[in-house]
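This report covers salt bridges, the nonpolar core, ring pairs and a surface patch. The sequence and the structure come next.

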Amino acid sequence: MENLSNQEILNKVQEIVDFVKSTEDYQNYLYLEEKMKKHPIIPKMIEEIKKVQKEVVQRESKGLDITMLEQDISSLESELKDIPLYQDFLTEQEKLNELFIHIKNTVEQFFKF
């Protein structure tokens, strides 16, 4: 294994970050994310899901039943996934996740002893 200084490692990491930012998948992801923020329904639904998730955590910590809240979250998520723009966003997000996993695996192999 090559002996790299901390600065060289940081430079390589920055190269990876720059590469990811330059990909079409990342650019599409940013575009869709911005588009979603301006959508008339998506931000409200995401906010509602977060609100119910917080309530789940609070009720769970008190040992209360959360079945209905989980059903509410599931229903909201299902509605959200029916919006084509959100589906496109999820697709781009998945592509990026696959790229990140590949990068992670490659880096782990590099540092494996």
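## Glu-34 and Lys-37

Glu-34 is partly exposed, with a relative accessible area of 38%; buried means under 20%, exposed over 50%, and partly exposed in between (1.4 Å probe, protein chains only). Its side chain meets that of Lys-37 in a salt bridge (3.8 Å, N to O), a term for a side-chain nitrogen of Lys or Arg within 4 Å of a carboxyl oxygen of Asp or Glu. Lys-37 is exposed, at 54%. Helices (H or I, at least four residues) and strands (E, at least two) are DSSP runs, numbered from the N terminus.

The model is predicted: local features need pLDDT of at least 70, side-chain atom pairs count only at pLDDT 80 or more, and totals for chains, interfaces and linings use all residues. Residues are numbered from 1 along each chain as its sequence is written, and side-chain values use heavy atoms, with hydrogens and water left out.

The structure holds four salt bridges. One of them pairs the side chains of Lys-95 and Asp-25 (3.9 Å, N to O). Lys-95 lies in helix α5 and Asp-25 in helix α2, so this pair ties together parts that are 70 residues apart in sequence. Lys-95 is partly exposed at 36%, and Asp-25 is partly exposed at 26%.

Lys-95 also forms a salt bridge with Glu-92, with the closest N and O atoms 3.3 Å apart. Shared partners join Asp-25, Glu-92 and Lys-95 into one network. Glu-92 is buried, with a relative accessible area of 8%. Glu-92 touches Asp-25, Asn-28, Tyr-29 and Leu-32, not counting residues up to four places away in sequence; contact means heavy atoms within 4.5 Å.

## Core and rings

The largest nonpolar core has 21 residues, and Met-36, Ile-42 and Leu-80 are among those with the most contacts inside it. Helices α2 (24–37), α3 (42–61), α4 (67–81) and α5 (84–111) each supply at least two of its residues. Such a core is a set of buried Ala, Val, Leu, Ile, Met, Phe, Trp, Tyr and Cys residues joined through side-chain atoms within 4.5 Å.

Ring pairs link Tyr-29, Tyr-86 and Phe-89 into a cluster. Rings of Phe, Tyr and Trp (its six-membered ring) pair if their centres lie within 6.5 Å; planes under 30 degrees apart count as stacked, over 60 as edge-to-face and the rest as tilted.
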